[in-house]
Amino acid sequence: MSTIQIFLVEDDPDWIKAMTVFLNGQEDMLVAGAAQTPEQAAAMARVLSFDVVLMDIQLTPGQLDGIYTAADILEIRPQAKVIMLTSMDDEQTITQAFTAGAVQYIEKARFKELPGAIRGALLHAGPMEALLKEFSRLKREEQLRGLTHAEREVFELMEKGYTHAQIEHKLFKSESTLKNQINKILKKLGVKSGKEAVEKVRRKGIIKDR
C-alpha cells in the first residue's frame with residue numbers, strides 16, 4: 001500500500017500537532033510537512049513532495065486567505081488535491097473554495113472524516129475533476145462575457161504573453177485603437193493592468209487582497 005503524503009497549511013500550531021498525530025496514525029498516511037502562513041505554504045509547495053493539501057480557509061483572522069493560498073499551490077502543483085478545513089459553512093465561502101480548486105470542504109469539528117475524505121480525493125477524483133473543469137470554464141466565461149469579440153481577441157493574446165507591439169501586428173490594429181480596447185478591458189474586469197486582468201481570469205475571479 002502506497003503512503004499518501006499530506007501537506008498541512010494551518011495557522012494554529014496546536015491543530016497542526018493534533019492533526020499530525022491523528023493522520024500519522026493511519027497506516028497509509030504521512031504528514032510530509034506543515035506551513036502556518038501563505039508565504040510559507042507557497043515556498044514549501046515548490047520543494048515538498050505531497051499528494052493532498054489540508055488547507056485552513058482562514059490563515060489570518062478575518063481573512064479568507066486560505067482560498068488564495070490554495071490557488072497559489074495549485075498553480076505550483078496542479079496535480080495535488082486540496083481539501084479545505086474551516087469552521088465556516090456559508091454558501092459563498094464554500095463556492096469560493098471550490099472556485100479556487102478545492103475538491104472537498106470539511107468543517108474542523110468533523111476532523112474524524114478526514115482520512116476517508118483524503119482517500120476519496122485520490123481514489124475517486126474523476127467525477128469531481130470533471131465537475132471542477134466545467135465549473136472553471138463557466139467561471140471564465142462569466143468574467144469574459146462583457147467583452148466584445150474584438151476585446152476578447154486582444155485579451156486572449158495578452159493571456160498568451162503577447163506584447164502590445166505583437167498584438168498590434170497580429171490583429172492589424174493601430175497603437176491608439178489597441179490602447180483604447182485594453183483600457184476598456186481593464187475597466188470591465190475591474191483591474192488596473194493587463195497582468196492583473198490575466199491573473200484575475202486565470203484564478204476564476206479570485207484575486208488576492210491588495
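**Chatting through the helices and the sheet**

Reader: Hey, is the crossing of H8 and H9 left-handed or right-handed?

Author: The crossing of H8 and H9 is right-handed, a label used when the near helix is turned clockwise from the far one by less than a right angle, with anticlockwise being left-handed. The H and S names are DSSP runs numbered from the N terminus: helices are H or I over at least four residues, strands are E over at least two. Keep in mind that this is a predicted model, where local features need pLDDT of at least 70, side-chain atom pairs count only at pLDDT 80 or more, and totals for chains, interfaces and linings use all residues. Residues are numbered from 1 along each chain as its sequence is written, and side-chain values use heavy atoms, leaving out hydrogens and water.

Reader: OK, and at what angle do H8 and H9 pack?

Author: Helix H8 (residues 164–171) and helix H9 (residues 175–189) pack at about 110°, with axes 10 Å apart. That makes H8 roughly perpendicular to H9. Angles run from 0 to 180 degrees between N-to-C directions, and axes are lines fitted to C-alpha atoms, for helices over the stretch in contact. Under 35 degrees is roughly parallel, over 145 roughly antiparallel, 65 to 115 roughly perpendicular, and the rest oblique.

Reader: Which residues of H8 and H9 meet there?

Author: From H8, His164, Ile167 and Glu168 meet Glu175, Leu178 and Ile182 of H9, where contact means heavy atoms within 4.5 Å. These contact residues split into 3 nonpolar, 1 polar and 2 charged. Ala, Val, Leu, Ile, Met, Phe, Trp, Tyr, Cys and Pro count as nonpolar, Asp, Glu, Lys and Arg as charged, and the others, Gly among them, as polar.

Reader: New topic! In what order do the strands of the sheet come?

Author: The open sheet of 5 strands runs S2-S1-S3-S4-S5, with parallel pairing. S2 and strand S5 (104–107) are the edge strands, each pairing on one side only. On average, neighbouring strands are turned by 25° against each other, ignoring direction. Two strands pair if DSSP finds at least two bridges between them.

Reader: How many bridges does S3 have to S4?

Author: There are 5 bridges joining S3 to strand S4 (residues 81–86), and Met55 has Met84 as its bridge partner in S4. Strand S1 (residues 4–9) pairs with S3 over 4 bridges, with Val52 as the partner of Ile6. S1 also pairs with strand S2 (residues 29–35), over 6 bridges; Phe7, for one, stands opposite Gly33.

Reader: Are the residues of S3 buried or exposed?

Author: In strand S3 (residues 52–56), 5 of the 5 residues are buried, so S3 is largely enclosed by the rest of the structure. Buried means under 20% relative accessible area, exposed over 50%, and partly exposed in between (1.4 Å probe, protein chains only). Both faces are covered, by the way: Val52, Leu54 and Asp56 sit on one side, Val53 and Met55 on the other.

Reader: What about Ile94, which helix holds that one?

Author: Ile94 belongs to helix H4 (residues 91–99). Ile94 counts as partly exposed because its relative accessibility is 25%.

Reader: Last one: how many helices and strands does the protein chain have?

Author: The protein chain has 10 helices and 5 strands. Buried residues make up 42% of its 210 residues, and the C-alpha atoms fill a box of roughly 65 × 35 × 35 Å along the principal axes.
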